[in-house]
Amino acid sequence: AYAVILLVEGTDATQNSKAHQAATKAIESITPLIPKMPKPVDVPPELVVIGEKQKTSEAVLLWSLGLDHKSVPEPQAVVMMGRGRRIGPTFQGGLITQTALQDSLAVIGQDCECGLDRSWMQGKIIPARWDRSLQETAYKTLGFDAENPLIKAEMSRILSRGPGFRQSSS
C-alpha cells in the first residue's frame with residue numbers, strides 16, 4: 001500500500017469516531033492524487049485500527065511508535081510507509097485531523113531528490129520481519145533489488161546531498 005494510517009482508539013467513543021472520520025477523509029482525498037505523484041503506487045493508503053481491547057497484544061508495536069498502550073481517553077494516530085517507518089509526528093485527540101493526516105500522506109508521494117527536509121521522512125521504524133519472501137515480493141513490486149549494494153550506495157549518495165540540493169547543469 002502507499003501508506004498506512006494506524007489509528008489507536010481511546011476510551012472516548014466520540015473522539016474515536018472523529019479520528020476515524022478524519023483518517024477516512026484523508027485517504028479519500030489523497031487517493032485521486034496518487035497517479036500524479038512522482039512515485040508510482042498501485043494500492044492507495046489503508047486505515048488500520050487498533051481497538052481498546054487489542055492494545056495489550058500490540059504493546060510492542062505501540063511502544064516502538066511512541067504511542068500509549070494503556071487506556072487513555074484520546075485516540076492516537078501515526079502515518080507509516082515502506083517497511084514500517086513512521087512519517088511525521090504522532091497525532092492525539094483533536095490533533096487527528098483530515099488536513100494533518102493528508103499532509104503526512106502527501107509527503108510520501110514526493111520524489112526523494114526534491115527539496116524536502118528528509119529528516120522528517122526518516123522517522124522511527126517498527127520492529128518487523130524482513131525475510132526472504134518479503135524481499136522477493138519487494139523485488140517483484142519495485143522491479144529492482146532494494147538489497148543490492150549498488151542500490152544502497154546510490155540511495156546513500158542521494159540522501160547525503162541533503163535537502164534543497166540541486167545539481168548544476170553546466
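Predicted model: local features only at pLDDT ≥ 70, side-chain atom pairs only at ≥ 80, totals over all residues.

Student: In which order do the four strands form the open sheet?

Tutor: Strands (E, at least two residues) and helices (H or I, at least four) are DSSP runs, numbered from the N terminus. Two strands pair if DSSP finds at least two bridges between them. The pairing in this sheet is mixed, and its order is β2-β1-β3-β4.

Student: Which are the edge strands?

Tutor: An edge strand here pairs on one side only.

Student: In what sense do β3 and β4 pair, and which residue is the bridge partner of Met81?

Tutor: Strand β3 (residues 76-81) and strand β4 (residues 85-92) are antiparallel, with five bridges. Their hairpin has three residues between the strands, where Gly82 takes a positive phi near 55°. Elsewhere in the pair, Ala77 stands opposite Phe91. For Met81, the bridge partner in β4 is Arg85.

Student: At what angle do α1 and α3 pack?

Tutor: Two packed helices are described by the angle between their axes and the distance between the axes. Axes are lines fitted to C-alpha atoms, for helices over the stretch in contact, and angles run from 0 to 180 degrees between N-to-C directions. The axes of α1 (residues 13-30) and α3 (residues 98-108) are 8 Å apart, at an angle of about 45°.

Student: How do the residues of the contact of α1 with α3 divide?

Tutor: Contact means heavy atoms within 4.5 Å. Among the residues that meet are Ala22, Ile27 and Ile30 in α1, and Leu101 and Leu105 in α3. The contact divides into eight nonpolar (Ala, Val, Leu, Ile, Met, Phe, Trp, Tyr, Cys and Pro), three polar (the others, Gly among them) and one charged (Asp, Glu, Lys and Arg).

Student: Is Ser104 buried or exposed?

Tutor: Ser104 is found in helix α3, which lies across β1, β3 and β4. Buried means under 20% relative accessible area, exposed over 50%, and partly exposed in between (1.4 Å probe, protein chains only). With a relative accessible area of 2%, Ser104 is buried.

Conventions: Residues numbered from 1 in each chain as written. Heavy atoms only, no water.
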